Amino acid sequence: MTSMLTTPTRLRKSREASETRFKWFGRGAIALSLAFLVFMVGSIILQGKGALTTSEIAVTVDLSADNIDPNDIEATSFDSLMKKSLRETFPEVTSRGDKRKLYGLLSVDLGFELRDQIIADPSLLGGPQKLWFTASDDADLVLSGTVDRNLDEENRRMSDLEISWLETLEQSDSTNREFNTKFFTNGDSREPELAGILSALMGSILTLSVCFFVSFPIAILAAIYLEEFAPKNRLSQFIEVNINNLAAVPSIVFGLLGLAMLLNTFGLPRSTPLVGGLVLSLMTLPTIIIAARASLRAVPPSIREAALGMGASPVQATFHHVAPLALPGILTGTIVGMAQALGETAPLLMIGMVAFIADVPSSIVEPAAALPVQIFLWADASERAFVEKTSAAIIVLLVFLVLMNLMAIYLRKKFEKRF
Amino acid sequence: MNNIVTEMSGAASVQNKPAVNKAPIFTAKNVDVYYGAKQALDKINLDIPRNKVTSLIGPSGCGKSTFLRCLNRMNDLVDICRVEGDIQLEGQDIYAPEVDVVALRQHVGMVFQKPNPFPKSIYDNIAYGPRIHGLTSSKSELDDIVEWSLQRAGLWKEVSDRLQEPGTGLSGGQQQRLCIARAIAVRPEVILMDEPCSALDPIATATIEELIDELREKFTIVIVTHSMQQAARVSQRTAFFHLGNLVETGATKTLFTSPEDERTQNYITGRIG
């Protein structure tokens, strides 16, 4: 016998079926979005990890006084000394074209690298020394195995001859792979093996600093005034609607505004973090204002009443009690806005931050690149080796973003108070 | 002044020490309050006697809380609220344009329906008022005020060893006593209480009621309450509000035993409410 509580009615069955269905749809949605995320991050890491290591080739260089005058090191032609040493390593190479290919195994910077090593350690002078040099991007791709050596010769940039040289070097233990410090200490370069992320990273940091110091105070003051002090009338409603609209304006429009106003009218220096930061702060302002107003609104009115009832003035009530309670939310909103600004490319293109900048900027009025623009530039470059540089730059950008979000979580936990 | 004398005559028998100032601390004359176009209070004339507990009773929406909030101008916070008429504190019009609302609220403190301690330490909750009003010049003076206030609020024994813990960690009744301690820390003349016990259990309520009775020595108390028993227990004078009108006011005992108005009669016997 079934009791009235256990009878499986039709209604009960359909109700239970719909609950199960919803549960599985929800799980499916989460699984799908996680899969996309894993696929995206995974493919970027797989592609980018190659750029974190670089190949080196050892060449024996005769540093005796015949080649280098110990009293006047700078007078040496390091480039021709390097070329000579390479020719001596492979004496069978005679034709002009082959020689050029041979030099191409090493980075074009080879002369400078030799000079830097000698200046760093003058005791090398006096005799033949086996020294390490950065391999060129094409040699690196072969040595790292990114390019298949068994591919048809016409489908790869390195000829069979060049590969045979590399193999000779490998057999004599004259090749090596090590962590690519250049990627983190150099600026951009036309040569992939020398190109680094530092100038873009510094550019982004400087741009974001300008953006933060401009938008944060303005946005906080605007939000506090609008939320706590402004009379609620047509005008304040109109302003509110417009702030919400501003948050939805495409970023390239802000770029055009920056180009027209900041560069053309006010004559600020182009391609600089100053202008980039100002343009990005136009974009972040509405985001921070909206987030700050939402978290101010979430502070219970009883706190305001308590403070005002104690005889605190409205400004005291706001700054002693309401704003501190809203602070975690405000900070989270700010960092979300900053993270958006960090990834923004379009407005920076408009104000000239897309220029090729090899120097690391040290102030906000020097030309600089920015991380997303650097990614855009490398993705557009023709050399095969820039593919993995692009992914590596994306990894740097993502690490930066994760750090910012961790900071948001930390600040939230630190300032959060129960009420 | 005749008006005041007649108002006071009922209460005069309770206290007739010669030193006591018998003039009412608050006098309200023809007070109208509007929320937008809606009239919430109509021609209220009420005096609040000094060092007594006056309770404002009446059914929900009768305007008793609105009247209470006129006394320290908390209604200013409501944009659409408009107050007309004359409310005087110690003979001074509190709605005069030159009045400093901050000073007014220092002299007329308030305790709210829901305990609302600041999310700060117990010490800072109480020290906040004296600090912003510049009442102390040294840390030890401030410590004394905190201790005095907590003792007056009957909370000192319970919290003296954890003054640095958050005020929000106390129980509901303790939080409400903390709010009372916070209110008296700036030495107001009047304390307004807006249904201070409605969120509390009977034991916490009894503690607060005892406290109100003790505080009467130093402060004038105006309390809004839904509970007629509470009004009868704690107050010396009672005012009955109905639909925005002040129906009847008098000594609490008289009002509850022999009300003059039929509406009062109906309310206290439970026929309207």
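**Exercise 1. Find which residues of helix 4 (residues 122–132) of chain B are buried, and what covers them.**

Step 1. Start with the terms. Helices are DSSP runs of H or I with at least four residues, strands are runs of E with at least two, and both are numbered from the N terminus. A residue is buried if 20 or more other C-beta atoms lie within 10 Å of its own, exposed if 12 or fewer, and partly exposed in between, with C-beta atoms placed from the backbone.

Step 2. Go along the helix: Ile122(B), Asn125(B), Ile126(B), Ala127(B), Tyr128(B), Gly129(B) and Pro130(B) are buried.

Step 3. Now look at the cover, which includes helix 5 (139–152), helix 6 (156–159) and helix 7 (172–184) of chain B. Contact here puts two C-beta atoms, placed from the backbone, within 7 Å.

Step 4. Past the helix, you'll meet Gly134(B), with a positive phi near 60°.

A word on the model: it is predicted, so local features need pLDDT of at least 70 and side-chain atom pairs count only at pLDDT 80 or more, while totals for chains, interfaces and linings use all residues. Residues are numbered from 1 along each chain as its sequence is written, and chains are lettered from A and ligands numbered from 1 in the order in which they are written.

**Exercise 2. Work out how helix 4 of chain B packs on helix 5 of chain B.**

Step 1. Take the angle, about 115°, and the distance between the axes, 9 Å. Axes are lines fitted to C-alpha atoms, for helices over the stretch in contact, and angles run from 0 to 180 degrees between N-to-C directions.

Step 2. Classify it: under 35 degrees is roughly parallel, over 145 roughly antiparallel, 65 to 115 roughly perpendicular, and the rest oblique. Helix 4 and helix 5 of chain B are therefore roughly perpendicular to each other.

Step 3. List who meets whom. Tyr123(B), Ile126(B), Ala127(B) and Pro130(B) in helix 4 of chain B meet Leu142(B), Ile145(B), Val146(B), Ser149(B) and Leu150(B) in helix 5 of chain B.

Step 4. Sort these residues by class: eight nonpolar, one polar and no charged. Ala, Val, Leu, Ile, Met, Phe, Trp, Tyr, Cys and Pro count as nonpolar, Asp, Glu, Lys and Arg as charged, and the others, Gly among them, as polar.

**Exercise 3. Describe the side of chain A that touches chain B.**

Step 1. Count: 18 residues of chain A are in contact with 20 residues of chain B.

Step 2. Helix 12 (301–309) and helix 13 (314–343) of chain A are the elements giving two or more residues to this side of chain A. Helix 12 of chain A gives the largest share, six residues.

Step 3. By class, this side of chain A has eight nonpolar, six polar and four charged residues.
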